[in-house]
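Hi,

Here is the structure I promised to send over. Have a look at it first, and then read on for what turned up.

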Amino acid sequence: MKHLFTLSFFFIFITAYGQDTSGTLTGSVTDVNGESLPFASIVITGLNKGVLSNNDGFYTITNVPEGKHKLVVSFIGYGTRSKTIEIKEENRNVQINFQLKETVENLDGVTVKGKTHKTALETKGFSANSIETKEAALRSIQTNELLNTTVGVKIRQNGGLGSNVEYSLNGLSGSSVSIFIDGIPISIYGSSFNLNSIPPSMIKNIEVYKGVVPGHLSSDAIGGAINIVLHEGGKNNLNASISYGSFNTLQTNFNGAYRAKKSGFTLKASAFHNYSDNDYKISGRTIVDIAPNGVQTPIVARRFNDAYRLTGGMAQVGFTNVSWADQFFIGVTASDEYNEVQHGTFVTVSPYKGRFLESDALLANLTYQKKRIFSSKDLI
């Protein structure tokens, strides 16, 4: 029992002695103006021991063993300072204050990696293509011509301006392919509105989905979808063009936007006018000259009663990039179409005379868009 007591006392003495020879480091970290630097790093090299300064710049490191140690302090944007301290029996509590100087560093270069809208779209989980229209807006070119340059997209048009157009995606056409303007089915805009009537200057980009389409395009088309994304109109701009070609074909368009910097008040307007006589030459089995005696002689003739005219436009007024909305517009869309009909689906020996189709549409629209309404993440 006596030996057990002696052994216990010996261990207690050893522990107490070990505790007595460990020390505590305290101090503060400030800048040259005396302002505290919170969350500065204070490390004892070689001991794998360190802390961060608190909100007032103070720090405390406990259980520092006896001996000499190197103390290193660093803070982002400031220089690094170091001091050698010694913990010994007669000086177990050491106070060391640090004052750091702000440093200015020059970067040789910064590399920022990201994805353009085109790349982001094409790398999503859809078979999709994005057609940029920036360069096409400076030329006299139709939207269908842009689409026809996309892999897997074929445009079939059976005549001149205003004739029937069929879109084919990977071999599927007709009702298997849906057309949208800013995610809204083009049929809502009326029969007089079509892709060729929208000049590239009005279009930001064209999204072509083959097969499966994203959820925001409400469509049951198995072939895919074509979505025309129009400019949002957050910047002041003005674009107008006019072109004239064969068969008395005239195409004009205007596209402009104005935004007041302080209030965010925005006004957008777009208009277009397309016209053609479509009096090109045709020949074939049914293109004949009928003599008084009924004899038919094959000829090359110019078409007649086949003129086409389409006029339309959009106007919107509202606010953009304000605290309560990214976009808020009240607008109107109008179009008027006049199409002369020379014959039915197939060219006949006896063409129609004076027949035509006419349609017009007038729609009001309301647009509201606001990101991060309920959270920090984009919901729209």
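To start with, is Arg303 buried or exposed? Arg303 is buried, at a relative accessible area of 11%. (Buried is under 20% relative accessible area, exposed is over 50%, and partly exposed is in between, with a 1.4 Å probe and protein chains only.)

Before the rest, some housekeeping. This is a predicted model, so local features need pLDDT of at least 70 and side-chain atom pairs count only at pLDDT 80 or more, while totals for chains, interfaces and linings use all residues. Residues are numbered from 1 along each chain as its sequence is written, and side-chain values use heavy atoms, with hydrogens and water left out.

Salt bridges

A salt bridge here is a side-chain nitrogen of Lys or Arg within 4 Å of a carboxyl oxygen of Asp or Glu, and that rule gives three of them. Arg303 pairs with Asp306, with 2.9 Å between the closest N and O atoms. Asp306 is buried as well, at 11% relative accessibility.

Arg309 and Asp336 make another salt bridge, at 3.5 Å between the closest N and O atoms. Arg309 sits in strand S24 (residues 308–322) and Asp336 in strand S25 (residues 325–341), so this pair ties together parts that are 27 residues apart in sequence. (Strands are DSSP runs of E, at least two residues, and helices are runs of H or I, at least four residues, numbered from the N terminus.) Arg309 is partly exposed at 27%, and Asp336 is partly exposed at 24%.

Then there is Glu90 with Lys88, at 3.8 Å from N to O. Glu90 is exposed at 63% relative accessibility, whereas Lys88 is partly exposed at 31%.

A five-stranded sheet

There is an open sheet of five strands in the order S9-S15-S16-S13-S14, and its pairing is mixed. Strands S9 (128–132) and S14 (184–185) are at the edges with a single partner strand each, so one side of each has no neighbour in the sheet. (Two strands pair if DSSP finds at least two bridges between them.) S9 runs antiparallel to strand S15 (residues 203–210), over five bridges.

On a 1 Å grid over the protein atoms alone, a pocket is an open set of points where a 1.4 Å probe fits, with protein on both sides within 12 Å along at least five of seven lines, and lining residues have an atom within 4 Å of a point.

Of its 41 lining residues, Asn158, Gly162, Ser163, Asn164 and Val165 are the closest to the centre. S25 gives the largest share of the lining, four residues. By class, the lining has 15 nonpolar, 22 polar and four charged residues. (Ala, Val, Leu, Ile, Met, Phe, Trp, Tyr, Cys and Pro count as nonpolar, Asp, Glu, Lys and Arg as charged, and the others, Gly among them, as polar.)

Two phenylalanines

Phe39 is not a glycine, yet its phi is positive, at about 65 degrees. Phe39 is in the loop between strands S1 (23–31) and S2 (41–45) and is exposed, at 53%. Phe247 also has a positive phi, of about 60 degrees. Phe247 is in the loop between strands S17 (237–245) and S18 (249–259) and is partly exposed, at 37%.

Cheers
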